[in-house]
Amino acid sequence: MTELLNVVLLGFLALTALAAIRLRDLFAVVMMFSIFSLLSASLFVVMGAVDVAFTEAAVGAGVSTVLMLETLSLTVRRERPPAHRKLLPLLVVTVTGAALIYGTFDMPKFGDPNAPIHHHVVTRYIEASPQEIGIPNVVTEVLASYRGFDTLGELAVIFTAGVGVMALLGTRSRRRKENRR
Amino acid sequence: MDTFGLFNYWVVVFLMMTGFYVVIASSNLVKKIVGLNLFQASVFILYISMSSVKGGSAPILEEGVTLYSNPLPHVLILTAIVVSVATTALGLAIVVRIREAYGTVEEDEIHRQDESL
């Protein structure tokens with residue numbers, strides 16, 4: 001049942017991605033991206049990553065979409081039809097994709113409990129965290145305690161991006177007011 | 001089930017390549033950013049696929065459950081999702097400024113204006 005759900009959701013993801021390529025109306029493209037995010041959030045729930053799922057649903061499908069729609073309202077809504085055929089990009093993408101597919105043949109099978117990724121620090125996180133920290137959600141423990149510096153670095157990135165956006169757009173309204181005077 | 005062992009990764013590669021195609025083939029800057037986001041979202045799916053264990057439950061400790069999916073990729077991807085929104089916001093802000101300066105968000109028109117200077 002889980003496998004079936006997995007395959008169906010992945011199929012829908014592929015369809016929405018293709019639709020996003022083909023559509024010329026940018027509003028529809030943004031909506032396709034939003035659907036893509038929501039579908040991937042459902043896929044995360046199926047694969048047991050509940051924390052990631054609700055972050056993706058709230059932040060990926062929600063905030064990103066709002067930001068993109070805001071940009072559309074400030075720019076244009078339709079994409080111009082392409083001036084020339086896109087054979088070279090298609091070739092580049094096919095070659096890159098083939099190389100990546102070749103790379104997947106060395107990867108452990110999906111859901112294999114003996115994969116190397118499951119036998120390093122993670123076993124210790126799961127076994128020792130009830131004594132060391134004592135809250136049931138392991139993801140929260142790793143995020144806020146074991147790898148707290150990662151989260152601090154993330155804050156630095158968000159702060160820098162915020163400063164960048166303010167520097168680009170923050171002075172606009174003031175300038176416009178001065179122009180009117 | 002062995003034939004489906006790598007199916008997730010193949011679909012992820014396909015999604016990644018659709019995002020990549022949008023980034024390099026489309027000339028509209030907003031659509032390019034959507035493509036970049038598609039690419040990022042498929043990287044998230046790749047990581048979460050690797051973290052999944054057959055029959056494992058969500059990594060919330062509970063009596064009587066011994067098999068959990070791997071929480072470490074979940075943490076990395078939580079960070080990555082938030083960072084991706086920050087970078088998207090910055091990219092879109094740059095698009096808005098480009099539109100103010102050039103009056104268009106189509107890449108080839110911007111190049112043409114730059115060359116005619």
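Predicted model: local features only at pLDDT ≥ 70, side-chain atom pairs only at ≥ 80, totals over all residues.
Colleague: How many residues of chain A are in contact with chain B?
Modeller: Contact here means heavy atoms within 4.5 Å. On the chain B side, 77 residues take part. On the chain A side, the count is 85 residues.

Colleague: What is the area buried between chain A and chain B?
Modeller: The size of an interface is often given as the accessible area lost when the parts come together. Carbon and sulfur atoms give 77% of the area here. The area buried between the two chains is about 7,500 Å².

Colleague: Which helix gives the largest share of the side of chain A that touches chain B?
Modeller: Several helices of chain A each supply at least two residues to that side, including H1 (2-22), H3 (50-74) and H7 (148-170). By class, the side has 55 nonpolar, 15 polar and 15 charged residues. The largest share is 13 residues, and it comes from H3(A).

Colleague: Are H1(A) and H1(B) roughly parallel or roughly antiparallel?
Modeller: Their axes come within 10 Å and cross at roughly 10°. Angles under 35 degrees count as roughly parallel. Therefore H1(A) and H1(B) are roughly parallel.

Colleague: How many residues of the contact of H1(A) with H1(B) are nonpolar?
Modeller: H1(A) brings residues including Leu10(A), Leu13(A) and Ile21(A). H1(B) brings Phe7(B), Val11(B) and Phe14(B), among others. The contact has 3 polar residues and no charged ones, and the nonpolar count is 13.

Colleague: How do H3(A) and H2(B) run, roughly parallel or roughly antiparallel?
Modeller: H2(B) covers residues 29-51. The axes of H3(A) and H2(B) come within 12 Å and cross at roughly 175°. An angle over 145 degrees counts as roughly antiparallel. So the two helices are roughly antiparallel.

Colleague: How many charged residues are in the contact of H3(A) with H2(B)?
Modeller: From H3(A), the contact includes Val52(A), Glu56(A) and Met68(A). From H2(B), it includes Ile33(B), Asn37(B) and Phe44(B). By class there are 8 nonpolar and 2 polar residues, and the charged count is 1.

Technical notes. Residues numbered from 1 in each chain as written. Chains lettered and ligands numbered in written order. Heavy atoms only, no water. Buried area = accessible area lost by both parts, 1.4 Å probe. Helix = DSSP H or I, 4+ residues; strand = E, 2+ residues; numbered from the N terminus. Nonpolar A, V, L, I, M, F, W, Y, C, P; charged D, E, K, R; others polar. Axes fitted to C-alpha atoms, helices over the stretch in contact; angles between N-to-C directions. Parallel < 35°, antiparallel > 145°, perpendicular 65-115°, else oblique.
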